[in-house]
Structure formats: structure tokens, C-alpha cells
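Please look at the sequence and the structure together before reading on. The paragraphs after them are meant to be followed with both in view.

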Amino acid sequence: MQYGKEVYIVEVLQHFSFLWESIVAFLKGVDVNQDGIVNPGALLADGTVSPDITGWKLLVMLAVGGLLIYLAIAKDFEPSLLMPMGLGAILVNLPFSGAIGNAADGSQGIIDWLFKVGIEASEALPLILFIGIGAMIDFGPLLSNPKMFLFGGAAQFGIFLTVAVATLLGYDFKDAASIGIIGAADGPTAILVANVFDTPLLPAIMVAAYSYMALVPIIQPLAIKAVTTKKERMIRMSYNPSSVSRKTRILFPIVVTVIAGLIAPKSVSLVGMLMFGNLLRECLKLDNLSQTAQTSLANLITIVLGLSIAASMKAENFVKLDTIIVMALGLVAFVFDTIAGVMFAKLLNIFLPEGKKINPMVGGAGISAFPMSARVIQKMALKEDNQNHLLMHAVGANVAGQIGSVVAGGIILTVVPKLLGA
Amino acid sequence: MTALQNALLLMLLGMVGIFAVMLLIMVAVNLLNKFAKDNDNKK
């Protein structure tokens, strides 16, 4: 059949009609079905805006994605996670995005698929990431100074306080527990708990968890200065590490897994993966596996995890008041974690003799944000007294916080369903 | 129980649980440091 020139031009233009539809989606509104498919055909017949989602929300999410990429690249805030999350947020919020939803032929958008398989179905991605984290951590400073374990416990208080505050604000108990876990200062734990409780607040929780970890150097000094005097911040602590035997280093991950598992069985998957990674490192027989876990495995999972998280950053889930409230509550959790650690150190100091006192700032390092928190404490100590080196004490508390946060996650997963009678 | 009562109970059980785990691990590590010594010719 011979096409006339005009017919050909019209057909070409029709091929590009999606451009017009996209513009309509942005300017007027689109509908999004349960699978997240943006469906311009669902626009109301009278041209009014669909109640489900309006185009400005998509624009907000594109801006959020851009902001995350900016923070990652220009400000160096957790770039390995914020950058994939930022680009992912853009990918899932473009109208008619092929990265999300179910296509007519049954295929699935890659980001939705990654989320469903890697996070929703099995929590595999955050758990496997723990193997890499465990392989990276040297528990030596903690093993040679075991009293630092206590700070890893005390500095989890912000989690539980935030759960209480969130319930006061009217959140469902499981949602409140998911919000509180932001205070674990531990992205994978926050993802796991929020996902197990199937909270609709998951995207906001994940963004808050990773954003605040990046903001530790800003949040912690303010919180610590608010509850300590200059004299307290200048307390010096001697560091006389006892040598830690290889047997201790090998037995430690096994002992921790058994103890945590007996008290909080749900923590076994979290603690177990963390300690498995550490056992790979410490056994000295599997150096290749240890190196792979620390580098290739952790990097691969991090890349995929960041993109997978973006699946839940669709405009209809994210652009709402709850997100701002969750971000605010996450800040409460981080601040009170830090304050609780500091206050616990001050409490211990009441009973400790002169010369054995603990610099309260070390207590603030009991959160899981490793090694940022330890570095912050070291920097603050040197600022007050340029001869006061607290790094190794702070590292001890910091790695204890890593264990404390996964135990806290396990306890929440164990206790919350029991309290709800499930 | 109300959600707030649940939250306060969770706070109590959670902090007790975490300190229990941390104290037990601390005791275990102290025992390991005391008894799990390496052979002299090995590090």
C-alpha cells in the first residue's frame, strides 16, 4: 500500500504520542494501579485530576531523586546507597516507566522484580549484605575492652523511645516499631524489620535510615554537646589493650550467635549473617572468601540494594505527610540513641573511681553507624584536648553498637508479634 | 492493651533483652580472654 506523505507523518507522530501522554501525566494527573503501572487511560473523562496521584507528585519525586544524587556525589553522603536510590527514584517515577509494574506480556519491571525477589520475598539482599559487613569488622578493640559492650546496648534506647512517640502520634504498633528501628542506625536492619512488618512507610524509613547515617557527623556533636560539659568531654581514658587470642576471635562470632539466638530467636538471621561474615574473616583459612565478602559481595549487593529500595519510592507511597513525620521521628531516634549512650556513661562514672572514669562521648559511639560515629567522637575529643585520643575506645563502643542494633532488631521482631497476640 | 502500653512494654522488654544479651556476651568474652589462649608457638 502506498502511503501518502501526510499519512506517514501522522503515523510517525502517533508513535511519539507517549510524549504528549507523559506531558499530560505531569500536568494534569495520572492513575496508578496496584502494580504501580502508570495508566494515562484512567484519567477522568471530564479532564479532572485523578484522585490517586497528580503530576506534581511525580515532579517532587524526580526532585528527590536529584537531591539524593546531589547529596551522594557533591556532599559525599553515603554515596554507595544514596546514588542508586536517587537514580532509582527517578526511574520509577517517570510516567509509563518500563522499570516498574507488570507488562502486558507478563514480564516485570526490573526494579519491581529486584524488590520483590531480593527484599519482599526473602529479605535476602539486606541479610547477605550483613555477611560483607561482618567480614569488614575487626572486633579486636571490643574484645580487648569488653565493657564497651554495654554502650552498644544503652545506645539503642532511642529506638524504643521513638516507638512510644510514634504510637502517641497514632501510628499502628507495627508501623511505630518499624519507624523506631531507624534508630538502629543500620540500614539493612531497618529494611528487614520494616519489610517483615509489611509497613507502607517502608520507603520513608529506608531513606531516613540511610540519610541520617550520613548525617551522623552533624547530628551527634549537637546531641552530645547538649548533654555534656566541656570538663566531661575532656576526660582522658588510657588505652592498654590486652592481646586477643585467635581462639577468642574465632569463638566470639559463634558465642554471640548462640546467645543472641537463645534470647531473641528472630535475631538469628541478622546476627547469624553478621557473625558468619566475621568468622570468614577470623578463621584465617578462607581469606579468599573473606576478601570477596568484604569487597565484591558487599559492593554487588549494595548496588542492587540501592536500586531495589527505589521500587518503594513511587510518588504515591512517598509524597505524603507521613514521610515528613517519619523523617522527624528518625531524627528523634538518632538523637536519643546518642543521648542514652552518653547518659549511660555518665551513670557509670558515678560508680567509677577517679582515673578510671569514662569520657561520656564514648557512650554516644554505641550506635551502629560504623565507623563514622567513632571518628566523630575522636574528632570531638581532639577538638577539646589535642592530646586526648579516644578512637580505639569509640571503635569498641561502635562495633558493640553494630551487634546491639541487630539484637534490637531481632528483639523487636520477636516481641512485637507476641504483644499483638499474633 | 493500648498501643502506648504495648510500646512502653516493648521499651522495657527491649532494653532488658539487649542488656541481657550484651552482659552475657561480655561475660563470655571475659571468659574467652581468660581461658581461650593460643598455643605459644602460634599466633
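This is a predicted model: local features need pLDDT of at least 70, side-chain atom pairs count only at pLDDT 80 or more; totals for chains, interfaces and linings use all residues.

Residues are numbered from 1 along each chain as its sequence is written, and chains are lettered from A and ligands numbered from 1 in the order in which they are written.

Chain A has 22 helices and two strands, whereas chain B has one helix and zero strands; helices (H or I, at least four residues) and strands (E, at least two) are DSSP runs, numbered from the N terminus. Of the 422 residues of chain A, 54% count as buried, and of the 43 residues of chain B, 35% do, where a residue is buried if 20 or more other C-beta atoms lie within 10 Å of its own, exposed if 12 or fewer, and partly exposed in between, with C-beta atoms placed from the backbone. Within chain A, residues 24 or more positions apart account for 71% of the contacts with a separation of 6 or more, two residues being in contact if their C-beta atoms, placed from the backbone, lie within 7 Å.

The C-alpha atoms of chain B fill a box of roughly 60 × 15 × 10 Å along the principal axes. In chain B, 29 residues are in contact with 39 residues of chain A. On the side of chain B that touches chain A, these residues divide into 21 nonpolar, five polar and three charged; Ala, Val, Leu, Ile, Met, Phe, Trp, Tyr, Cys and Pro count as nonpolar, Asp, Glu, Lys and Arg as charged, and the others, Gly among them, as polar.

Turning to the helices of chain A, the buried residues of α5 (residues 110-120) are Ile111(A), Asp112(A), Leu114(A), Phe115(A), Gly118(A) and Ile119(A). Because they cover an arc of only 160 degrees around the axis, they lie on the same side of α5(A), the arc being that of the directions from the helix axis to the C-beta atoms. The buried residues of α5(A) pack against α4 (79-92), α6, α11 and α17 (287-310) of chain A.

Two of these partners also meet each other: the axes of α6 (residues 124-136) and α11 (residues 187-196) of chain A come within 9 Å and cross at roughly 155 degrees, with axes fitted as lines to C-alpha atoms, for helices over the stretch in contact, and angles running from 0 to 180 degrees between N-to-C directions. That makes α6(A) roughly antiparallel to α11(A), since angles under 35 degrees count as roughly parallel, over 145 as roughly antiparallel, 65 to 115 as roughly perpendicular and the rest as oblique. Pro126(A), Leu129(A) and Phe130(A) of α6(A) make the contact with Pro188(A), Ile191(A) and Leu192(A) of α11(A), and the residues divide into six nonpolar, no polar and no charged.

Helix α11(A) also meets α22 (residues 391-419) of chain A, where the axes come within 10 Å and cross at roughly 5 degrees, which makes α11(A) roughly parallel to α22(A). By class, this contact has six nonpolar, three polar and no charged residues.

Finally, Ala345(A) is found in helix α19 (residues 321-351) of chain A, and it counts as buried because it has 28 C-beta neighbours inside 10 Å. Leaving aside neighbours within four places in sequence, Ala345(A) is in contact with Phe151(A), Ile358(A), Pro360(A), Val362(A) and Gly363(A).
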